[in-house]
Amino acid sequence: MFAALFGELVPHPRPVTSDDVRQDAYSLFYARSSAMGWLTPAVPGAAGGLWGMNDAEAAPGSGAQPSRVAFFQVVLTEPDLGKLLPVQQFLVCAGDVMARLGALRLDALQVLLPERNADADAQSDSPSGMRIASSLLHASDWFADCDPRLRAPVRVTLNGGHDPSVRAVAPAVLTWLQELHQEVFLGDSLSLADDDHLILRPIPFEDPAAHLVHHRVTFRGTLAEWSLDALGWLAAFLADGVSRHGDGTSLLLTVDRTAT
């Protein structure tokens, strides 16, 4: 999995001493994910955890706005395609790291979601019997008491790359999310129009020399709060929904907060 954070980062002021050893995004992410039991040790035969550390970087942004201020990349060590992607844990860990480094104003987020199947641990939670991963339903209770004033209108673009499957299943996904009994993300509309999509660059792992076709869809709706915690739930939720409707290919999810 890969996540890129866009916005503004103001580093915390710290006195510099002769023996100062400063933590960076990589070391902090490693330490935090290890402390939470999410890191699989990099030793032969290691068990447990959710991911192995790959790369991370954070720095004040520059250039076109919104600018990328951090990225985090891990390798899933329990690549069971029938399990829910641990995106919420991944982004919570990234958020903890950013809070250590400085003050973050998050304007937009990119998450690369690997190939997956629909989560096998699912239950019905809609009048029509549509199913959803049980852990997503249970996690939605965490956001049940959010201050209504924190609710944020968002735009979510799913990029299927050269595979057009995401465009085929998108209408059914919108119906699915509108029928489910949850209030973390309330979906309002769907668009296939190019002008409605959110495109942030750099696009991770895209060959700039290749002329790739991108098949995109964009949902608009309201998120319980604008936080990496809620965005992690949203990413896992949409990945589960898209795969449940027949598209298990990798997706690039891009989301920003829109004007009311």
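The largest cavity in this predicted model holds about 60 Å³ of space. A search of the whole structure finds 2 cavities of 30 Å³ or more. The residues that line the largest cavity are Q110, T157, N159, L198, I199, L200, I203, R216, L252 and T254. Two elements, β7 (152–159) and β10 (251–257), each give two or more residues to this lining. Sorted by class, the lining of the largest cavity comprises 5 nonpolar, 4 polar and 1 charged residues.

The second largest cavity has a volume of about 40 Å³. It is lined by 10 residues, and those closest to its centre are K83, L84, R116, N117 and D240. Its lining has 4 nonpolar, 2 polar and 4 charged residues.

A cis peptide bond joins R201 to P202, with omega near 10 degrees. P202 belongs to the loop between β8 (185–191) and β9 (216–223).

Helix α2 covers residues 87–101, and helix α5 covers residues 228–244. Their axes come within 7 Å and cross at roughly 155 degrees. Angles over 145 degrees count as roughly antiparallel, and α2 and α5 are therefore roughly antiparallel to each other. The crossing of these two helices is right-handed. On the α2 side, the contact is made by V87, Q88, L91, V92, A94 and G95. The α5 side supplies L228, D229, L231, G232, W233, A235 and A236. By class, the residues of the contact between α2 and α5 are 9 nonpolar, 3 polar and 1 charged.

Helix α2 also packs against helix α1, which spans residues 25–35. The axes of α1 and α2 come within 9 Å, and the crossing angle is roughly 130 degrees. The two helices are therefore oblique to each other. Here too the handedness can be stated: α1 passes α2 in a right-handed crossing. From α1, the residues in the contact are A25, L28, F29, R32 and S33. They meet F90, C93, A94, D96, V97, R100 and L101 in α2. The residues of this contact divide into 8 nonpolar, 1 polar and 3 charged. A94 of α2 takes part in the contact with α1 and also in the contact with α5.

Helix α5 has a contact with α4 as well. Helix α4 runs over residues 165–179, and its axis comes within 9 Å of the axis of α5. The two axes cross at roughly 120 degrees, and α4 and α5 are therefore oblique to each other. Their crossing is right-handed. V169, V173, W176 and L177 form the α4 side of the contact, while F237, L238, D240, G241, V242 and R244 form the α5 side. This contact has 7 nonpolar, 1 polar and 2 charged residues.

D240 links two parts of this description. It is a residue of α5 in the contact with α4, and D240 is also among the residues closest to the centre of the second largest cavity.

Key. Residues numbered from 1 in each chain as written. Predicted model: local features only at pLDDT ≥ 70, side-chain atom pairs only at ≥ 80, totals over all residues. Heavy atoms only, no water. Axes fitted to C-alpha atoms, helices over the stretch in contact; angles between N-to-C directions. Helix = DSSP H or I, 4+ residues; strand = E, 2+ residues; numbered from the N terminus. Parallel < 35°, antiparallel > 145°, perpendicular 65-115°, else oblique. Left-handed = near helix turned anticlockwise from the far one by under 90°. Contact = heavy atoms within 4.5 Å. Nonpolar A, V, L, I, M, F, W, Y, C, P; charged D, E, K, R; others polar. 1 Å grid on protein atoms, 1.4 Å probe; cavity = no way out; pocket = protein on both sides within 12 Å on 5 of 7 lines; lining within 4 Å. Points joined across faces, edges and corners; volume = space filled by probe spheres on them.
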